[in-house]
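Here are some exercises to work through with the model open beside you. Try each task before reading its solution.

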Amino acid sequence: MRTRNQRTLARSLQCSGVGIFTNSDVKIRFCPAPENHGIQFVRTDLAGSKPIPAIIENAVFKQRRTAIEFKGVSVEMIEHVMAALAGLQIDNCRVEINAPEAPCFDGSSRELSEELLEAGIVEQPFQRKLIRVEQPVTVEDESGSFIQAKPLNRSVMAIGYYLNYGDDSPVSPQCLTLEINPETWMSQLAFSRTFVLEQEVEAMQALGFGQKLSARDLLVLGAEGPIDNELRTLDECVRHKILDCLGDFALIGCDLQGYFCAHQSGHALNRELIKQIKATHVSARSDSTWKVA
């Protein structure tokens, strides 16, 4: 992945859907933005609120999802939106949203990605900044889950994920590595859906989550496989984990070059890795390229 020009949308577009955690009816609008604007969310339901830059410094902890907050205003479940923008290399965008949570669509980023492509993408006359990983950076938790960034002798970003919930899980062990670019994003990742176990859905609904959704709206896995649904690929679950990684990594606010290897990593570890990379980068070679020290 070499340095490239920044990109934005050719025109605005609007989508709608339902929030998983807040049960909100959501309208979300994607607008072109100028060079060096980055991705910023604007809560249109909160008059006078400031835009929320989608950067790692604004990330706040939420269970099972990624959220950002700025000056007391937050938006959550943004990882699928961020993944779609990153996967299509849309760097500058104003995202107007009338609710505290992004819509879940069908649990994937496919519908949104298709809408973004239909709106069109245009280059801008400024280079996109790039961080090139040159030494390993690893984060892990007490469960043994970890994620590591490593140097790669090719100019690309690659994400590998190993998924294994044990012999009793309806999710089979899965492993996949993909180079990330707009073509692989659309053909290999965008369609992969959020997945939850049947017993997890019952617990979530008892807490008031997912009241407007059914098993047809997400990938719900029971002992015999998907409930009222079908897998899009046999390894759809690990593909969605890579999708989540990409959405979380996008909070670094620039392109990344290197190999990212995850074992059972979730949103919190993904974000911690990005914090570590951003904290240790050295502004060295040029205005557009950094290296990890």
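This is a predicted model: local features need pLDDT of at least 70, side-chain atom pairs count only at pLDDT 80 or more; totals for chains, interfaces and linings use all residues.

Residues are numbered from 1 along each chain as its sequence is written, and side-chain values use heavy atoms, leaving out hydrogens and water.

**Exercise 1. Find the stretch where the pLDDT is below 50.**

Step 1: Start with the overall picture. The mean pLDDT (the predictor's confidence in each residue, from 0 to 100) is 91, and 94% of the residues reach 70 or more.
Step 2: Now look for the exception. Residues 282-287 have a pLDDT below 50, and this stretch has eleven contacts (heavy atoms within 4.5 Å) in the model beyond near neighbours in sequence.

**Exercise 2. Describe the largest nonpolar core.**

Step 1: Recall the term: a nonpolar core is a set of buried Ala, Val, Leu, Ile, Met, Phe, Trp, Tyr and Cys residues joined through side-chain atoms within 4.5 Å. Buried means under 20% relative accessible area, exposed over 50%, and partly exposed in between, using a 1.4 Å probe and protein chains only.
Step 2: The largest core has 71 residues, and Phe-30, Phe-41, Leu-116, Phe-249 and Phe-260 have the most contacts inside it. Helix α5 (residues 236-249) supplies its largest share, seven residues.
Step 3: A second, separate core of eight residues includes Val-18, Phe-21, Met-204 and Leu-213.

**Exercise 3. Work out how α1 and α5 are oriented to each other.**

Step 1: Helices are DSSP runs (H or I, at least four residues), numbered from the N terminus. Axes are lines fitted to C-alpha atoms, for helices over the stretch in contact, and angles run from 0 to 180 degrees between N-to-C directions.
Step 2: The axes of α1 (residues 79-87) and α5 come within 7 Å and cross at roughly 80 degrees.
Step 3: The two helices are therefore roughly perpendicular (65 to 115 degrees; under 35 is roughly parallel, over 145 roughly antiparallel, the rest oblique).
Step 4: Among the contacting residues are His-80 and Met-82 of α1, and His-240 and Leu-243 of α5.

**Exercise 4. Is Ala-279 buried or exposed?**

Step 1: Locate Ala-279 in helix α6 (residues 267-280).
Step 2: Its relative accessible area is 62%, so Ala-279 is exposed.
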